[in-house]
Amino acid sequence: MLQFDPKALRSSPTAPEQPQRDSATSQDSLLALRALIRRQLPFIVLTVIVCVGLAIAYCMTAEKKYASTAALIIDSRKTQALNQQSSSSPLGVDTPLDSATVDSQVEILKSEKVGLAVIKDLDLIHNPEFISNEKSWLGSVLGLFFESSPPSEQSLTRIVLMQLQRNLSVKRKALSYVIEVSYKSRDPQLSAHIANAIAEAYFVDALEAKYQASKRAASWLQDRLKELRAQASAADRAVADYKAKNNIVDTGGRLLTEQQLAETNSALTIARAQTAEAQARYDRLSSILNDEDKDVNDLFKDIATVTDSLRNDVITRLRQQYLDLAAREADWSKRYGPQHLAVINIRNQMREIRKSITDELRRIGESYKSDLEIARAREASVQASLKSTIDQSNDTSQAQIVLRDLDSNAQSARALADNFLQLYMLSVQQQSFPMTDARLITEASPPLRPSEPKTMLVILAAIVGGSLLGFAVGWTRDALDQVVRTRDDAEALLGVSCLAVTPRIGGDDGPGNRAALVGRIMRASRWLLGVGKERYARGEAGGLTAISPPNAPVASGALTVVDDVMRFVQDSPFSRFTEAVRSIKVAADIAFMDHKSRVIGFTSALPNEGKTTISASFAQILALAGNKVVLVDADIRNPSLTRSLAPTATQGLLDVVLGKVDLDAAILKDAETQLCFLPTVVPSRVAQSSEFLASSAMAKTIGALREKFDWIVVDLSPLTPVIDVRSTSRLIDAYVLVIEWGRTDRDAIVNSLKDAPMLHDQIIGTVLNKADVSVLNRYDSYRGNYYYKNYYHRYGYVD
């Protein structure tokens with residue numbers, strides 16, 4: 001038996017390769033999302049339509065409400081006319097508003113106090129809108145089961161307040177100090193009145209709060225002011241008493257001892273300067289007198305440095321005489337000689353004059369000495385007076401420490417009393433003319449259009465929500481869908497190539513029926529033209545006839561194909577189904593490239609998946625291509641192929657294997673396609689069909705067919721119901737597994753092959769059969785309908 005290697009097909013360059021995908025990449029995620037949307041698009045669209053329909057119904061039946069908006073601004077600036085302070089800043093600090101302050105005002109606008117004020121001002125507890133709502137939602141329901149008395153006014157007020165707060169919307173506009181107050185009502189006039197009433201009630205509440213706060217502050221300040229004034233007076237008296245007790249006297253803001261100390265210190269400074277000056281004069285004069293050997297010229301120079309000598313008439317006259325004598329002595333010494341008596345007398349006179357000058361200087365020195373003693377005495381007196389003043393000042397300083405504390409307390413008490421007096425005056429002003437920090441900038445007016453329901457927003461939300469819900473439903477359906485729908489699914493499931501995706505044929509609405517009808521009409525035309533008549537005369541009759549040797553008995557006469565589906569590839573050569581079957585032939589040619597004869601079997605996991613139609617169509621394609629082909633019905637338990645191609649056959653595969661009939665006598669031949677067919681005639685149910693297929697006689701029969709034909713196409717039984725296919729692993733070169741598109745469960749396929757592991761390596765590929773062409777493109781757009789729709793018709797192909 002010829003051995004077949006399925007890897008030859010899997011590695012063939014013409015075989016489709018399994019796509020390599022990286023699920024971690026964003027591109028793969030987008031492709032998977034797109035594929036999911038395409039697959040579940042009808043359910044997503046249906047969900048969106050339902051949601052939009054519900055939204056439209058809601059918009060048509062919902063109660064219309066009108067929203068009116070009033071705007072007010074929070075302004076904390078001081079009132080220039082009265083220069084009054086904000087009551088929240090009693091110390092006069094005008095701080096700017098922060099976000100928390102504005103948010104606090106928003107909460108005040110939504111408070112119960114403001115709401116109750118509005119209910120009272122507008123008498124809302126008797127308004128039909130509020131009363132009717134209460135009766136329709138609560139009163140009518142409770143009235144069916146209980147007999148209740150009419151609600152009290154307090155209960156009605158609470159109910160109206162809850163409804164008022166439910167329809168009220170207060171929000172800050174962006175980051176500004178503007179607050180918008182909106183109210184929704186069935187009556188546009190009422191919505192405007194309530195919005196304006198809320199703003200007005202807020203202003204009144206703010207004024208009342210400020211008035212009450214100012215009143216309480218004024219009362220407290222008045223009492224506190226009396227206490228502070230008494231404390232300030234007591235502090236002033238304590239300062240005066242302490243000064244009197246400690247003999248502390250101040251003049252011009254300074255203490256008397258401090259002033260005396262400053263004056264004494266100045267006098268001491270002057271006395272020390274005078275003593276120093278007298279000492280300097282006396283020392284200078286003493287140094288001149290002590291130097292007796294000094295030259296007369298140097299003596300006169302030193303005398304010139306003594307100030308009193310310059311003002312002394314005696315010294316001035318003596319000095320002049322001395323100079324005159326000196327000039328005369330020099331002149332006479334030149335005339336008469338230095339030893340002349342006259343010259344000597346002059347010199348004696350000069351010595352007497354110098355002595356007289358020295359005596360006058362000693363007299364001046366005594367005067368300087370007297371002045372020095374007086375200056376020293378004065379300095380000592382001033383020093384003693386300063387010491388006495390310092391001692392007195394130290395005593396005063398110790399007392400002044402306590403005095404400063406008392407004075408500081410007195411000043412603090414006076415300052416605090418003055419500040420409280422100012423605050424009291426401001427509180428009195430605020431009581432007489434209070435003002436709020438808020439003002440109305442936009443008054444609410446009746447709206448022209450209803451604000452609810454927002455039709456476009458509701459429809460848009462319905463579209464978005466419906467899309468999300470539809471996507472969730474579609475994802476759930478897709479996750480629960482365990483059937484095979486694409487080539488990739490089949491290839492990933494079994495690890496073999498998907499050879500073709502064949503559309504569903506047969507039935508009144510099946511694709512390709514028009515082409516098949518055209519084919520039948522052409523055959524009928526040929527019959528009418530005599531072609532069929534000539535064949536009938538030869539015993540062909542346009543059906544299957546027995547191939548009989550010259551001396552062999554003829555099989556049971558002319559046979560007619562009762563199922564037009566079995567001739568679909570012949571009647572519709574340009575259909576998509578036929579083209580898909582041709583792709584199976586191409587794959588089989590590549591797989592059996594080096595084989596002289598080929599045995600290929602068609603099976604499926606479950607019954608009714610279309611394996612019989614695919615095997616018959618595949619055999620016809622091979623025969624129409626000029627190959628010697630025999631189609632064998634090996635489904636002994638359910639020979640549906642025989643019922644479709646030769647329902648009147650009386651002998652077949654079982655008879656040949658058992659040796660009752662010759663092989664050539666049992667084979668039937670189609671006159672049009674030259675396709676040979678070996679039927680299976682089962683007079684009764686066969687229990688040991690698997691042993692029959694595994695017998696040596698069956699192997700001999702297949703061997704005989706190999707010698708006569710190029711292709712042996714075997715229609716086998718399904719894998720799951722019976723085990724017959726497992727017995728053919730030594731007879732069949734390769735298998736083709738037919739899977740019904742969108743119906744066969746993946747677990748059924750995997751389990752069927754798990755029970756027959758000997759077949760897995762011999763499967764050359766799978767065929768997705770009975771595909772719904774109108775839905776296929778949603779699951780596999782590139783291999784489904786896209787290219788077919790755009791290019792298939794250009795080559796003359798039709799469904």
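Tutor: Let's start with a term: strands are DSSP runs of E with at least two residues, helices are runs of H or I with at least four, and both are numbered from the N terminus. Strand β15 covers residues 763–771, and lysine 770 is found in it. This is a predicted model, where local features need pLDDT of at least 70, side-chain atom pairs count only at 80 or more, and totals for chains, interfaces and linings use all residues. Residues are numbered from 1 along each chain as its sequence is written, and side-chain values use heavy atoms, leaving out hydrogens and water.

Now look at the backbone of lysine 770: its phi is positive, about 60 degrees, although this residue is not a glycine. Most residues other than glycine have a negative phi, and most peptide bonds are trans. Asparagine 608 also has a positive phi, near 65 degrees. You will find asparagine 608 in the loop between β9 (598–604) and α20 (611–624). With a relative accessibility of 63%, asparagine 608 counts as exposed (exposed is over 50% relative accessible area, buried under 20%, partly exposed in between, with a 1.4 Å probe and protein chains only). A cis peptide bond, with omega about -5 degrees, links glutamate 452 to proline 453. Proline 453 sits in the loop between β6 (438–442) and α14.

That brings us to α14 itself, residues 455–480, which packs against helix α3 (residues 41–61) at about 150 degrees, with the axes 7 Å apart. The two helices are therefore roughly antiparallel (angles over 145 degrees).

Next comes leucine 768. Leaving aside residues up to four places away in sequence, leucine 768 touches several others, including Val484, Arg487, Cys498, Ile739 and Trp741. Leu768 is also one of the residues with the most contacts inside the largest nonpolar core, which has 50 residues; such a core joins buried Ala, Val, Leu, Ile, Met, Phe, Trp, Tyr and Cys residues through side-chain atoms within 4.5 Å. Helix α22 (residues 653–657) gives the most to this core, with four residues. A second, separate core has 41 residues, including Val581, Ala591, Ala623 and Trp711.

Terms used. Axes fitted to C-alpha atoms, helices over the stretch in contact; angles between N-to-C directions. Parallel < 35°, antiparallel > 145°, perpendicular 65-115°, else oblique. Contact = heavy atoms within 4.5 Å.
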